[in-house]
Each structure stands twice: as C-alpha cells, then as structure tokens.
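Please keep the sequence and the model in view while reading.

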There are 2 protein chains.
Amino acid sequence: MSVITIERKILGKNDEVAEQNRNQFLQHKIFVFNLVSSPGSGKTSILERTLEHLAGTINVAVIEGDVQTDFDAQRVAKYNIPVVQIVTRGGCHLDASLVREALQKMTLTGFQLLIIENVGNLVCPANYDLGEALKVVVVSTTEGDDKPLKYPEMFRNASVLLINKIDLLPYVNCDLTVLKRNALQINSQLTVFETSCTTKSGIPEWCGWIIGKIPAK
Amino acid sequence: MSVITIERKILGKNDEVAEQNRNQFLQHKIFVFNLVSSPGSGKTSILERTLEHLAGTINVAVIEGDVQTDFDAQRVAKYNIPVVQIVTRGGCHLDASLVREALQKMTLTGFQLLIIENVGNLVCPANYDLGEALKVVVVSTTEGDDKPLKYPEMFRNASVLLINKIDLLPYVNCDLTVLKRNALQINSQLTVFETSCTTKSGIPEWCGWIIGKIPAK
C-alpha cells in the first residue's frame, strides 16, 4: 500500500511537469509524439524512414531516450536534424522532467514536429506523460500477435499503432488480422498503419497522417 | 493441468526473500533459472521446445510471470507439467516475494528443474534476484545486433545468452558475429547458444547444458 502511495506522488509531480512541457509545445505550435515499443521493434528505423520521407517539407527535431549509449542519436543525427540524447543510466522509461532537461538544450522555434523516442520497454513508459500530444506504439510482426492483450496498458494509452516488419510476415507465426483485432479490442480508437522499414511500405501513409497533425502557424 | 493465478499484493524486502527462496531450492536440490527478454523474443516458445526435449528425462515445473493474461501458462500447461501463473497487473518485473507466493502453491519435491519465465522487459527484471541459480537472457535476431550494448545490465547479470530466431537471419538486418561480440564485450562469461524454435536448431545443445546443471540427488 505504501508503494502505491509513493508511485502516486511521483506521477503527480510528473504530470505537473508534463503539463509545463505541453504548454511549451502549444506555445510553439509544435506537434509532439512519444514513440514507444519493446526493444528491437524498429522505433529508430521508423524514425529514419520518417525523417527521409518528411525531408524538405517540415522541420523536425528529435529527443532520443536510451538506457545506455547514444547509438540512436548518432543514427538520427545523420539526417542533419537537431537531436538531444537522454541516457537514463538504467532507468526504464523517460519522464517529464528528463524531457524538460532536454528541452533546455534545444530551441523549438521554427520547428513543426518533435519526435520523442522512448526507452525500449513495453511496460513502464505507458503511464508516464511527457507532455506529448499522443503516444505512437510500434509492435513488430516478429513479436507475435498476442502482444496487445499481454501488454494492454501501452495499447490503451496509445493513439496510433504501427505494425512494423510486415515484410517478415511470410516467415513468422503472426496473424495480422488477429494482431489488429487484439489491438482494437484493447483500444477501439487506435489508428493503425502497417509498415516495413525495409520495403518502405506504409511509410507514405504514416507520414501523411503526421502532416495532417501539424498545426497551422 | 489447471492453472493457478496469483495477483500482486505486497512487496517484500527483495534480497532477503530471494535468499529464502534460494535456500528452499537448495534443500530440494532443484536447479532454477530465471528466463528474461523483451516481449516477443520467444521466451515461451523456448520454454515449449525445452519441455518437449526434456520430456521423460527430468521433472520440470514452471512459474509464469505476465503483466496480464494467463496465455503463457495455458501454453505451458499443455505439456502436462505443473505451472503457476503470476499476474503482476501492470508490474514490470517479478520480485522474490511474488515467487515465494507462487512457491506456496506448488510442491518442489520430486522436481529437478524449475523455470521462472519473467515479464517481457529487457530493463527492470535485470536487478531483481528471485532466488534463482542464474539468469538466462533471450535476444532474437529480429531485434538487431546492438541490443547487448543498449541494455547492458541484463546481459551483465545473465549467465546464458540464447540468440533466438536464427532461422530469420537471411531476412533481417542482424550480424550474428557482431551480436555475439557485443554480448561478450558486456559479459565475457556468457555461455551462448543459437536457437530456432521453428527449426529446433540449437535446442538439443541448450537442453544438454540444462541436464549438466541438474544436481545429483
């Protein structure tokens, strides 16, 4: 019971800072999403294909969250966009104050989109508001079609589901119809895209959805 | 076999309780490992292939940890072995007191091997001793070859690495040599097996290793 109380306090403080971040994003008219998934689902590859596709249309900035290493930031920086790496040193999720720290290292002026790539973890980041407009959850076909039922909180709190690595469907034990049905059973409001970072299938549709979310200046 | 479900109630002093669990395992001369990985790496499939392979040689019991659902316990129960399901209700790892609760629902007498399948999470379970002899970490080729460097704590605390889904190597961007080098750079003591639950490649070698760990009665 005492553990529950402590968690409420921490989340209370987190929600307060998240609200400050959100106000900052609104002031700058910047669309922000929080990209979440298991390790290895393809968050950074999605990010790379997205940056390629959006190049020259809108200005994008990125915050990278990782337990260790700045590998992902290095991958993203190649696309010549501003990126701040948060290393959590073992921490299992980003929180709003870490994002606030990152925001102090960057300027939002002139940007229309900020993508926050969370730590690879399908459990803990589900309940941490960073101030984003919405969460985008990635699940890959190689993980199996039962994941939405087994990790419901993340799918419940997300607005968009990217089903990634659809090029591997012929080789894995994953029924796309079942995966979608399971996801929509948890959250009927999910917008679903099927993507492959290898074939780039689904990337234009996903990027089209992003464009539609960019606020008018 | 019927499935018993336990839900999280209280947190104990983890290491103290882990030590009590460990003593219980030693008394019963039962070898216990804690199976950890990201969601979808194939822990339950590994478990199924292992149970098939070991059938008729040693007596195995299983504790299943999941955030929600008893899907994994249902899969394991088909092999006609005792299984206790722990549902953490959002909790991101098993702890020693949850395992102690599970142990109260089962008998260890006559068993030589207890497998504890943890919640799918490559971060949080790394630092929770459950009383096991050692941790076995599964990483699948579809997750990419950089995971040991990005999630070092789990690889540092594990004794065995199962590189799973090696049948998918032709279709994914993963260099097996790099993956192994990265893992051994974090922990040079790791015993490594390459497995596929589809082709069953590597399963006999992995099960041979288990057999070698079973204490003499």
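How many disulfides are there over all chains? A disulfide is a covalent bond between the sulfur atoms of two cysteines; here the term is applied to a pair of cysteine sulfur atoms within 2.5 Å. By this rule the count over all chains is zero. B:Cys124 is accordingly in no disulfide, and the nearest cysteine sulfur, that of A:Cys124, is 3.4 Å away. B:Cys124 counts as buried because its relative accessibility is 11%; buried means under 20% relative accessible area, exposed means over 50%, and partly exposed lies in between (1.4 Å probe, protein chains only). For B:Cys174, the closest cysteine sulfur is in B:Cys197, at 16 Å, which is too far for a bond. B:Cys174 also has 11% relative accessibility and therefore counts as buried.

This is a predicted model, in which local features need pLDDT of at least 70 and side-chain atom pairs count only at pLDDT 80 or more, while totals for chains, interfaces and linings use all residues. Residues are numbered from 1 along each chain as its sequence is written, chains are lettered from A and ligands numbered from 1 in the order in which they are written, and side-chain values use heavy atoms, leaving out hydrogens and water.

Consider next chain A as a whole. Chain A contains eight helices and seven strands, these being DSSP runs numbered from the N terminus (helices H or I, at least four residues; strands E, at least two). The C-alpha trace of chain A spans about 50 × 45 × 35 Å along its principal axes. Of the 217 residues in chain A, 57% are buried. Contact means heavy atoms within 4.5 Å; among contacts in chain A between residues at least 6 apart in sequence, 74% join residues at least 24 apart.

B:Ile163 belongs to strand S7, which covers residues 160–164 of chain B. Is this residue buried or exposed? B:Ile163 counts as buried, because its relative accessibility is 0%. Leaving aside residues up to four places away in sequence, B:Ile163 touches B:Val139, B:Thr141, B:Leu176, B:Leu179, B:Lys180, B:Val192, B:Phe193, B:Glu194 and B:Thr195. From C-alpha to C-alpha, B:Ile163 and B:Val137 are 8.6 Å apart in space, and they are 26 residues apart in sequence.
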